[in-house]
Amino acid sequence: MEGTPRALKWLSAVTGVLFLIALGMVLFYAPEEAVMGNVQRVFYFHVAAGWVGGLAFLVTALAGIAFLARRDPKWDRVAQASVEVGIVFTFINIVSGSIWARPIWNTWWTWDPRLVTATVMELIYLAYVMLRQGIEDPERRARFGSVYGIVGFISVPITFLSIRLLRTIHPVVIGSNDPSAQGAFDMTPAMLQTFMFSLLTFTFVYATLLWHRLRLQNLMERVEQMKMKVFAS
Amino acid sequence: MLLEPAQTTNYMILGLSVIVGSMLLFVGSLAVRFRNLRQDLQVLEEVEQNDSQG
């Protein structure tokens, strides 16, 4: 296995620096929200993690389409790598939202449309991983994974639109809030800058982690091929 | 009368710790899996080399 590409090393370093700047902005640059207090600072990374989850699942669906069109296994590896990153960041999104909700909604969890759709989305992609593990034949596994990744993506716009189309207590960042929303706030310029910078930073985090995870996937397949070769001889 | 913001600093610390901690755990899991796979590959290459010699 060749060493880490120079471009990936640079990307990892830039991402690390961006993340530290974003964390600094969240803690020291963005002002304390007037009603919710400091817990509102979780919002910047909470939304950014949700964005990465949706982006990762979009890439999975697109890679699935590319695999079905070209039958090139590299697209299946991209889909698989992206799903794992998406699951991690959707988990971060759900858990950080729950922590924010405790002092603002006075509960860790409520059966709100956004919370439910986000959790169902997470479960759909956990099932994707389990489905893949249950199929022995690599070609069949890739085909099923691709179709599942495309169909499963329906859960992403449903999650995004749930707070815009359904009655909910979850605040809306872009667009108008439901009258029953609790914890909504208007962003000052410093808050907006911190929010946009966090989105940019997490996009870099996604690209970096996807690349590393893809290299891991390539190495896994190389080891599998080697095992088959050794056991066959 | 101006109201003070709610005292929610502990929840902020918990939230940001969970976010950063989860990301570090994932990065750590990638590193561990890389290391294990490299070790597996090394062993397999040695076995293959021994097979071809013997």
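Ring pairs join A:F19, A:F45, A:F89 and A:F202 into a cluster, where rings of Phe, Tyr and Trp (its six-membered ring) pair if their centres lie within 6.5 Å, with planes under 30 degrees apart counted as stacked, over 60 as edge-to-face and the rest as tilted. The model is predicted, so local features need pLDDT of at least 70 and side-chain atom pairs pLDDT 80 or more, whereas totals for chains, interfaces and linings use all residues. Side-chain values use heavy atoms, without hydrogens and water, residues are numbered from 1 along each chain as its sequence is written, and chains are lettered from A and ligands numbered from 1 in the order in which they are written.

Over all chains, the count comes to 11 aromatic pairs. The ring centres of A:F43 and A:F195 are 5.2 Å apart and their planes stand at 25 degrees, so this pair is stacked. Because A:F43 lies in helix α2 (residues 42-70) of chain A and A:F195 in helix α7 (residues 189-232) of chain A, the pair ties together parts that are 152 residues apart in sequence; helices here are DSSP runs of H or I with at least four residues, numbered from the N terminus.

Between the chains, the axes of helix α1 (residues 6-29) of chain A and helix α1 (residues 9-53) of chain B come within 13 Å and cross at roughly 170 degrees, the axes being lines fitted to C-alpha atoms over the stretch in contact, with angles from 0 to 180 degrees between N-to-C directions. That makes α1(A) roughly antiparallel (over 145 degrees) to α1(B).

Notes. Helices (H or I, at least four residues) and strands (E, at least two) are DSSP runs, numbered from the N terminus. Angles under 35 degrees count as roughly parallel, over 145 as roughly antiparallel, 65 to 115 as roughly perpendicular and the rest as oblique.
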